[in-house]
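Reader: I'm new to this one, and I'd like to learn how to read it. Could you walk me through a few features?

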Amino acid sequence: MGMLSLPGFLSCGKKKVAEKDGHASSSDENQERGNWANKSDYLLSMVGYAVGLGNVWRFPYLTYQNGGGAFLIPYTVMLALAGLPLFFMECSLGQFASLGPISVWRILPLFQGVGITMVIISTFVSIYYNVIIAYALYYLFASFQKVLPWSDCFFWADEFCSKTKIVSDCNATLNGEIIHANYSYITSNNLTCINDTITYKPVQFPSEQYWNKVALQRSSGLDETGHIVWYLALCLLLSWMIVGAALFKGIKSSGKVVYFTALFPYVILLILLVRGATLEGARDGIEYYIGKQSNITKLMEAEVWKDAATQIFYSLSVAWGGLVALSSYNKFHNNCYSDAIIVCVTNCLTSVFAGFAIFSILGHMAFVSERPVSEVVDSGFDLAFVAYPEALSKLPVAPLWSFLFFFMLLLLGLDSQFATIETLTTTIQDIYPKLMKKLRIPVTLGVCILLFFLGLVCVTQAGIYWVNLIDHFCAGWGILIAAVLEIIGIIYIYGGNRFIEDVEMMIGKKNCLFWLWWRVCWFFVTPVLLTAILVWSLVTFSTPSYGSVLYPTWGTAVGWCMIIFCVIWIPIVAIVKIVRAEGNLCQRIASCCRPATNWGPYLECHRGERYSHIVDPQKEKEHEIPTVSGFVYKRE
């Protein structure tokens with residue numbers, strides 16, 4: 001086939017464009033899609049995407065639960081064996097092709113459904129993740145009061161609300177005999193309870209009742225939808241307005257916003273740590289977290305290693321499509337290798353650092369309430385919106401510390417949300433580039449408005465159950481399935497050595513020793529670990545619940561439908577590709593396992609001899625022959 005030059009290109013793929021897109025500037029290497037204004041924009045966006053709420057409300061609890069400081073050993077090992085290899089692979093993949101998570105599967109058309117799965121899961125997650133940001137906004141506004149509304153049992157509380165434990169009954173000695181009586185009888189007769197015989201009434205702390213009765217107006221279960229909680233709906237609208245405003249020019253605007261949203265949480269964490277370290281009982285909390293309470297024997301338990309691998313996997317945000325999308329705006333020769341290491345190490349150090357800030361203040365709460373640290377530690381929603389607010393309410397100038405904490409949660413959530421929505425808009429841009437060039441702002445706002453309306457069910461009185469349901473199903477197996485197929489497809493079908501050659505086109509030739517570790521991980525260790533986590537998750541599956549509330553059968557069925565909807569595209573797209581290919585079955589499968597003819601570096605000047613055959617479908621419409629398989633060939 002004859003080669004045709006690509007008209008309109010200047011040096012290194014710069015092209016004269018009639019219509020300017022706010023996403024691109026005249027200084028960009030890739031003026032079709034745009035590039036990050038500078039490297040720090042990209043690195044901070046990646047750090048903001050990877051460092052999220054889980055670093056604050058999940059990692060410290062896992063560390064405490066799994067042996068304290070000893071947990072850092074499996075955590076570090078899993079970072080090296082599972083997290084970093086997949087992170088580096090996705091960054092390299094996006095940067096090499098300058099394409100989003102769906103279009104990048106030109107590398108292996110048979111697996112394009114994996115990219116669709118990533119985008120759909122990111123869509124589901126973006127719906128409920130912004131609801132969590134709305135919770136943080138509500139508590140942030142609630143902190144602008146002289147007395148925090150959850151600091152005591154106010155008008156909204158019931159008879160079970162109490163700031164302290166209430167003794168129910170106990171054993172005591174009366175006339176030489178041991179009796180068991182209720183506490184009112186014991187005190188009225190001036191008796192003393194015998195140690196270790198006291199039982200307490202079931203009470204709820206003010207922060208717990210405020211979370212359930214006021215903030216959420218929580219119903220009895222998924223069956224009771226109730227009404228939309230108007231102030232949460234307004235907070236949700238505000239959170240989507242913030243996201244839309246930050247992304248109205250794509251990476252050009254979000255790349256500047258992250259200088260504040262990605263860096264300021266570290267300032268707040270440092271302030272909370274310094275304040276926490278000066279409080280009585282802080283040492284006890286930190287010792288539970290990573291000190292004398294560390295239990296090295298925990299490393300003998302398989303559950304600990306599974307928790308470490310799972311936390312690394314989800315913390316780094318691999319297989320969500322966001323890493324590919326953000327990296328696709330890099331310049332071709334950017335050193336994605338050093339970027340991957342910087343972001344991964346920063347993410348993990350942030351988790352450890354956050355643990356000190358969290359446990360120092362929880363230790364003080366345990367000291368003040370005369371309870372062991374183990375009784376005040378929690379994770380997830382219960383840590384962020386019950387335990388920690390309760391601890392902050394006991395500090396002098398409590399509204400200030402409450403404001404700082406929830407402002408930090410807001411920023412951590414927004415960073416991750418920016419990247420998730422950018423993943424969706426990048427996908428739209430790859431599919432409809434002309435549309436995004438003309439209507440980027442309306443499309444971005446349209447995505448935000450649509451997701452806002454879809455999220456309204458999550459701010460009803462049963463909203464927290466929907467949030468938990470989506471998180472339980474969509475953010476679990478679907479991502480693991482996508483990750484396993486991603487690494488198998490690229491390393492075993494496309495070819496690991498071939499992929500390494502692609503990476504070397506960007507970062508330069510490296511010796512065999514440099515690639516030894518990556519080959520060991522990519523070809524064996526990482527796929528085995530991810531498969532093991534997936535199998536373990538399936539084997540240990542339990543029906544979803546929120547606290548003590550079990551989900552109805554139809555609710556669990558909806559969860560299964562969501563995850564099936566996410567992953568069903570993998571076989572559907574594979575079947576469609578095979579049906580549209582030519583030849584017998586084996587030939588069709590083989591052709592779908594080969595890269596598309598337009599796979600390779602986006603710009604002509606980066607293609608070299610290895611990819612000199614590429615046809616760019618966006619540049620030479622008059623020379624294309626569209627085929628049913630979706631590939632594009634040049635006319636003679």
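**Reading burial, contacts and salt bridges**

Author: Let's start with Leu-485, which counts as partly exposed because its relative accessibility is 23%. Buried means under 20% relative accessible area, exposed over 50%, and partly exposed in between, with a 1.4 Å probe and protein chains only. Keep in mind that this is a predicted model: local features need pLDDT of at least 70, side-chain atom pairs count only at pLDDT 80 or more, and totals for chains, interfaces and linings use all residues. Residues are numbered from 1 along each chain as its sequence is written, and side-chain values use heavy atoms, with hydrogens and water left out.

Reader: Where does Leu-485 sit, and which residues does Leu-485 touch?

Author: Helices (H or I, at least four residues) and strands (E, at least two) are DSSP runs, numbered from the N terminus. Leu-485 belongs to helix H20, residues 477-507. Contact means heavy atoms within 4.5 Å. Not counting residues up to four places away in sequence, Leu-485 touches Phe-111, Val-114 and Ile-570. As for Glu-177, it is 308 residues from Leu-485 in sequence and 70 Å away in space, C-alpha to C-alpha.

Reader: How should I read a "binding site" label, and which residues carry it here?

Author: UniProt positions are given in the numbering used here, feature names are shortened, and annotations may be inferred rather than shown by experiment. In this case an unreviewed UniProt entry places the feature at Gly-48, Ala-50, Val-51, Asn-55, Ser-315, Asn-347, Leu-412, Asp-415 and Ser-416. They are spread over 369 residues of sequence yet cluster in space, with a largest C-alpha distance of 13.4 Å.

Reader: Take Gly-48 and Asn-347: are they buried or exposed?

Author: Gly-48 counts as buried because its relative accessibility is 2%, and Asn-347 counts as buried at 0%. Gly-48 is in helix H1 (residues 39-50), while Asn-347 is in helix H14 (residues 336-368). Leaving aside neighbours within four places in sequence, Gly-48 is in contact with Ala-262, Leu-412, Asp-415 and Ser-416. With neighbours left out in that way, the contacts of Asn-347 are Ala-50, Val-51, Asn-55, Tyr-75, Ser-315 and Leu-316.

Reader: What about salt bridges? How many does the structure hold?

Author: A salt bridge is a side-chain nitrogen of Lys or Arg within 4 Å of a carboxyl oxygen of Asp or Glu. The structure holds 13 of them. In one, Asp-430 pairs with Arg-33, and the closest N and O atoms are 3.3 Å apart. Asp-430 lies in helix H17 (residues 398-431) and Arg-33 in the segment before H1, so the pair ties together parts that are 397 residues apart in sequence. Both Asp-430 and Arg-33 are buried.

Reader: Which residue does Asp-502 form a salt bridge with?

Author: The partner of Asp-502 is Arg-610, with the closest N and O atoms 2.7 Å apart. This pair links distant parts of the chain, 108 residues apart: Asp-502 is in helix H20, and Arg-610 is in the loop between helix H24 (585-592) and strand S6 (624-626). Asp-502 counts as buried at 1% relative accessibility, whereas Arg-610 is partly exposed at 32%.

Reader: And which residues are linked in a network of salt bridges?

Author: Glu-303, Lys-306 and Asp-307 are.
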